[in-house]
Amino acid sequence: MQTNKKQPITLTHLSLAMLIASLVTGIFWTLNLFQQQATLELIIPLFLAANIVIAAGVWLRFRQQSSRVSQLSTHIASSFLMPQNHKTESEHGHDPLGKLESKVQQLSQHLSNELSRTSKLEQPQENGQLLSAILDSAAVAVYAVDSTGTCIYANPQCALLLGYSTPADLLNINMRQIIDKNAAQSCIDLTIQDIKEDTFWRADGSSFPVEYKSQPLDLGEQHKGAVISFYDNSERLEAEALIRHQAHYDTLTDLPNRFLALKRLEQLVEASERNEQMIAVIFLDLDDFKKINDSLGHEAGDQLLITASERLLKATRAEDTVGRLGGDEFIILLDGLSSANDAQPLAENLIAGFRKPFYIDNRQLILTASIGIAIYPNDGKTPSELLRNADSAMYHTKSIGRNTYSYFTHAMNKEVSRRLAIEEQIHGALDRNELTVHYQIQLDIRDGTIMGAEALLRWDNPTLGSVSPAEFIPIAEQTGVIEPMGDFILQRSLEAARIWQQTFNDNFRVAINLSPRQFRNPNLVQSIKDKVAELGMKPADLELEITEGVLLSGHAYTLDALMQLSKAGFCISMDDFGTGYSSLSYLRTYPFKILKIDRSFINDMNKDDKSKELIIATIEMAHALGIQVIAEGVETQKQLDELCFMMCDYAQGFLISKPAAFDELLIIGEKYQELHQKLVQQNNHTLKVI
């Protein structure tokens, strides 16, 4: 349903309304409808006259404006060649402003259409320039070819990578002939759109790897071409090759690492199984390499490893595999052996190669190696089993003196298995309360009194049973468990010494061993002082025993720690004197108060005159230096009597007492006290022991 639009109120309508109002007022006034008053009779005629004059003026002014508006509308229509819209003109009738508004709207629409049409005409040209600028600035090389492979476009990056001066040098040239020297003139396969790798050739004849992708190009009229984008793939391939090399080769020596060595061993096992030949797996470990790192630094250690790897390569055949398993451990794989003895010449050659000095930072170093050998299939049929058994043989070599080689035996396997079990169980032994402290009495030979006892650590494990200190102490040292063990034995020993002093006499001190690893702790001295003070003991109540292994490193912090402990009043003793190097300079350099003669000399003193003379010389030398002497391993009364005659100060051994728990130690102490009192009463100074 159509609705009539409201006509707008124009000046014409207003003028007519004013005239009608004036006429109505005049008629009412003429017919005397207003009250006859003098004022109204004067005002109304004047109002009517003024109203008529104003209306006439407005009407004339409107007619002039209407004429100008009509002229403007006509001018707009004629200037912009706008079509006549009779429907719009009939709607506005005699309203010039309405007509003008309609013309302006038509003009706006007309200009908008013209601008849109003009932009559409200019857009393809602008897009083409933009696309060309983008392709010219692209970091990826792009070229386009027709169905015959002829180049119809190339960007600057394409010309640069292919070694041409400008892209124009590539136009109208068959690109397949340029980038592939071996390719025939064939059409490009437009069905392949996957990213591919290939080798392209430059103008100078050199080649380079690329990664490229081809996209079909519609050239119209059933003509097809292709757009190929590519980039130089050299850096990525080099990075991948470097990553692969680093994953399979040792970064320091550039030898195959553990992963690659075991992979090659796996391949050799498979080949030898078919050929029915033997393989030798040689496990080589450098002896005391850690001392090189500790004394000369890791840079010298790295240089030594590089030189050692070069010697290994020179000693082996080109077809043999030499790898580094890590640290100072190497592996050599020999295949094509007819018997196990075929590996022996190489093992001897390797050992001999390490007898020559190494020259590192103007220093001459002597470095030996320990070797273990496992043979396939006799000693194992898998790579892991062969490597494990060769490792067992190497550990056996170290136990028999190093600087030699050993073939694997099942007895070695049991030994290594035992070691691994100890390493597994020793962690947490303290938390499980498996460790205890036993004490062995130290007797004053001069008067028969107990002057102290040595604290000895004992370990009883539910799985392993009673483990000897000779077994677990070295492992505890290597794994770092020795430090909490040291704190444990210090606490228990001081508590035992306090109870002994309260029960018997104050002239009692307890001796504990300090391991080389404990001296690496910068808080060692302070922690010992704090523990002694905490339990209300005196430094003189504690004897600290160190072995020659602590002194061999020659570290300054070891001497500093011993000096601080000695100044604080602690008794420092040298354990196992007479074994190892037993350098007399140790007695001059370090603040020893007690020297302990090793049990091996005491055991031979009644069998060998030389041992007896050495004991006498050691006692006299120690006394001359103001050092007291303890004889370890005293097991017979005859040994004790001779030590008394030699003026030895103290004795320790099974003759006096075996290591015992503290409760048993107190019982032994009571018996010694009773015996000593009887001897004093009898005025018999002959020393007898229980």
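**What the labels rest on**

Mentor: Leu-490, Gln-491 and Leu-494 in α15 meet Ile-528, Lys-531 and Val-532 in α16. This is a predicted model, where local features need pLDDT of at least 70 and side-chain atom pairs count only at pLDDT 80 or more, while totals for chains, interfaces and linings use all residues. Residues are numbered from 1 along each chain as its sequence is written, and side-chain values use heavy atoms, with hydrogens and water left out.

Trainee: Why are α15 and α16 called roughly parallel?

Mentor: Helix α15 (residues 482–503) and helix α16 (residues 524–534) pack at about 30°, with axes 10 Å apart. Angles under 35 degrees count as roughly parallel, over 145 as roughly antiparallel, 65 to 115 as roughly perpendicular and the rest as oblique. So α15 and α16 are roughly parallel. The axes are lines fitted to C-alpha atoms, for helices over the stretch in contact, and angles run from 0 to 180 degrees between N-to-C directions.

Trainee: What about α8 and α12: why are they called roughly perpendicular?

Mentor: Helix α8 (residues 258–275) and helix α12 (residues 383–399) pack at about 115°, their axes 9 Å apart. That puts α8 and α12 in the roughly perpendicular class. On the α8 side the contact is made by Arg-258, Leu-262, Leu-265, Glu-266 and Val-269, and on the α12 side by Pro-383, Leu-386 and Leu-387. By class, that contact has 6 nonpolar, no polar and 2 charged residues.

Trainee: And why do α9 and α10 get the word oblique?

Mentor: The axes of helix α9 (residues 289–296) and helix α10 (residues 298–315) come within 6 Å and cross at roughly 140°. That value belongs with "the rest", so α9 and α10 are oblique to each other. Here Phe-289, Ile-292, Asn-293 and Leu-296 of α9 touch His-298, Ala-300, Gly-301, Leu-304 and Leu-305 of α10. The contact has 6 nonpolar, 3 polar and no charged residues.

Trainee: How do you know that Asn-403 is partly exposed?

Mentor: Buried means under 20% relative accessible area, exposed over 50%, and partly exposed in between, with a 1.4 Å probe and protein chains only. Asn-403 has 26% relative accessibility, so Asn-403 counts as partly exposed. Asn-403 lies in the loop between α12 and β12 (405–407).

Trainee: What makes Asp-576 partly exposed?

Mentor: Asp-576 comes to 28% relative accessibility and therefore counts as partly exposed. Its place is in strand β18 (residues 571–577).

Trainee: What is there to say about phi at Asn-403 and Asp-576?

Mentor: Most residues other than glycine have a negative phi, and most peptide bonds are trans. Asn-403 has a positive phi of about 60°, and Asp-576 has a positive phi of about 55°. As for peptide bonds, the one from Tyr-376 to Pro-377 is cis, with omega near 5°. Pro-377 sits in the loop between β11 (369–376) and α12.

Trainee: How much of the chain counts as buried?

Mentor: Of its 690 residues, 40%.

Technical notes
Helices (H or I, at least four residues) and strands (E, at least two) are DSSP runs, numbered from the N terminus. Contact means heavy atoms within 4.5 Å. Ala, Val, Leu, Ile, Met, Phe, Trp, Tyr, Cys and Pro count as nonpolar, Asp, Glu, Lys and Arg as charged, and the others, Gly among them, as polar.
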